[in-house]
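Here is a friendly briefing to read alongside the model. Please keep the viewer open as you go through the points.

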Amino acid sequence: MIWGTIRRKVASSQVLGQAWKVRHGASTQSCYRTVPKEALFIGKGFECVQSSSYHILLGDHVSKTSREATSLYQTESFIRLRNRSFSSDSGDLVEAVVPFMGESITDGTLATFLKKPGDKVAIDEPIAQIETDKVTIDVVSPQAGVIQKFVAREGETVEPGVKIAIISKSGEGIEQVAPSDAQPEPPKEKESAEKKVPKAEPAPVKGTTAQPKPRAPSPPPSPKRVASEPQLPPKDRERRVPMTRLRKRVATRLKDSQNTFALLTTFNEVDMTNLMKLRSDYKDAFVEKHGVKLGFMSGFVKAAVSALEHLPIVNAVIDGDDIIYRDYIDISIAVGTPKGLVVPVVRNAGGMNFAEIEKEINTLAKKAADGSISIDEMAGGTFTISNGGVYGSLLSTPIINPPQSAILGMHSIVNRPMVVGGNVVPRPMMYVALTYDHRLIDGREAVLFLRRIKDVVEDPRRLLLDV
């Protein structure tokens, strides 16, 4: 049954139950919003579309509000609320707000605006970037239109739901202010009408002797320097820039790792001859079948999985007074980006073959490079591999990625003379390093773990025979 159109103004402190007689008389909590809203109320026995400058949502009384009910319908017997925000009575202005950034991220820094006031934007077009501890998130336009103004500034800390821009859907009321080319002239000093002339000294009176002019005191002698003072570079040759959120987060985590873990590193060297030959023999067929190149990283991931299965203590972690053994293997791959170090995770690496690992690593590396990687793709991980060899590193001691217990460091491949079968022959060799938490992992387990990786990389057939 449809009730007729009702237009009613509710004055300050008028009782809602007296204004509208609701059949079922449900009692609910009262709340209000200070931003203009358009809301759809569905209550017991009625439905009301309401717009007002302040909203009183099904409360016991109304305070300082003016409400207009345009249509009233009989609907379901339960109460619910749906709303959408706008910034003017005409509905022409919409707000661009900071989106939800993840479960573990509560705020971010407004890094930069990608548009300017007066620019046209399409729906879902990025207009600003929020920099968090882990990733950079785009703020997109909720509607197509013209940016009217920004209500936040670059460098501010913002939280999800915070308004940063006002967008006009019609583009009305946007004033394009052109910068003036003419520079304001500085005020000219008033020129004196009279020319400056030296003041004439009074002539001496007859019968008197002219007094001699006093001489200016001589400047004191400059102090002699006993020792040469250091010449520091001028301050204008230095630049001070704030750290990005990602760089601060990386710095904090790495320092916490040093302060928390009992870090110890063991080394070994790997003969890459057989893995390089395997790659050379099957690289064309591998690309043709799987559509991705065969690299060295997949071989080391498979070797790390084998070592973690043989020595599960390396895959465990300390939690208070307990040790948590994880019966799954997620390998984190350290990737350097222009904005900083990120560590995406290859999930369930133990159940992947070479092609699946290569595809997943390529996908994650591309996302990390262009900044589109998500927080979920970097969360977790039970063991990390860092390949400093791509930058030419010969040897290093990697730092554990908390809350893991160990990290493998790969390095550059260098031909070195090695003794093979009693003869000195050149071999492509790589140094590998394992940094581990000595509170949990003893030296024996660490050495055996690294030796297992060496054995598998030098003879990949072990993976087929599980030996």
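Which residues does Ser 306 touch, not counting residues up to four places away in sequence? Ser 306 touches Arg 452, Val 456 and Leu 463, where contact means heavy atoms within 4.5 Å. This is a predicted model, in which local features need pLDDT of at least 70 and side-chain atom pairs count only at pLDDT 80 or more, while totals for chains, interfaces and linings use all residues. Residues are numbered from 1 along each chain as its sequence is written, and side-chain values use heavy atoms, with hydrogens and water left out.

**The chain as a whole**

- The protein chain holds 7 helices and 26 strands; helices (H or I, at least four residues) and strands (E, at least two) are DSSP runs, numbered from the N terminus.
- Of the 467 residues in the protein chain, 35% are buried. Buried means under 20% relative accessible area, exposed over 50%, and partly exposed in between, with a 1.4 Å probe and protein chains only.
- Taking contacts between residues at least 6 apart in sequence, 64% join residues at least 24 apart.

**Helix α4 against helix α6**

- Helix α4 (residues 296-310) and helix α6 (residues 443-458) have axes that come within 9 Å and cross at roughly 135 degrees. Axes here are lines fitted to C-alpha atoms, for helices over the stretch in contact, and angles run from 0 to 180 degrees between N-to-C directions.
- The two helices α4 and α6 are therefore oblique to each other; angles under 35 degrees count as roughly parallel, over 145 as roughly antiparallel, 65 to 115 as roughly perpendicular and the rest as oblique.
- The α4 and α6 crossing is right-handed, a term for the near helix being turned clockwise from the far one by less than a right angle, with anticlockwise giving left-handed.
- From α4, Phe 300, Ala 303, Ala 304, Ser 306, Ala 307, Leu 308 and His 310 meet Phe 449, Arg 452, Ile 453, Val 456 and Val 457 of α6.
- This contact of α4 with α6 has 9 nonpolar, 2 polar and 1 charged residues. Ala, Val, Leu, Ile, Met, Phe, Trp, Tyr, Cys and Pro count as nonpolar, Asp, Glu, Lys and Arg as charged, and the others, Gly among them, as polar.
- Ser 306 itself lies in α4, and counts as buried because its relative accessibility is 7%.

**Helix α4 against helix α5**

- Helix α5 (residues 354-370) packs with α4 at an angle of about 115 degrees, the axes being 9 Å apart.
- Here too there is a right-handed crossing, as α4 passes α5.
- Phe 296, Met 297, Ser 298, Gly 299, Val 301 and Lys 302 of α4 meet Phe 354, Ile 357, Glu 358 and Ile 361 of α5.
- The contact of α4 with α5 comprises 6 nonpolar, 2 polar and 2 charged residues.

**Two residues to look up**

- Leu 294 sits in the loop between α3 (273-290) and α4, and counts as buried because its relative accessibility is 10%.
- Beyond its neighbours within four places in sequence, Leu 294 is in contact with Leu 278, Arg 279, Phe 286, Phe 354 and Glu 358.
- Asn 268 belongs to strand β16 (residues 263-271); with 22% relative accessibility, Asn 268 counts as partly exposed.
- Asn 268 and Leu 450 are 182 residues apart in sequence, yet 7.1 Å apart in space, C-alpha to C-alpha.
- Leaving aside neighbours within four places in sequence, the contacts of Asn 268 include Met 430, Tyr 431, Leu 450 and Lys 454.

**Strands and sheets**

- Strand β9 (residues 108-113) and β14 are joined by 2 bridges, and Gly 108 stands opposite Val 158 in β14.
- Another open sheet of 4 strands has the order β8-β15-β13-β10, again with antiparallel pairing.
- Strand β19 (residues 331-333) runs parallel to strand β23 (residues 383-387), joined by 3 bridges, with Ile 385 in β23 as the bridge partner of Ile 333.
- β23 also runs parallel to strand β24 (residues 406-410), joined by 4 bridges, and Ile 385 stands opposite Leu 408 in β24.

How values were computed:
Two strands pair if DSSP finds at least two bridges between them.
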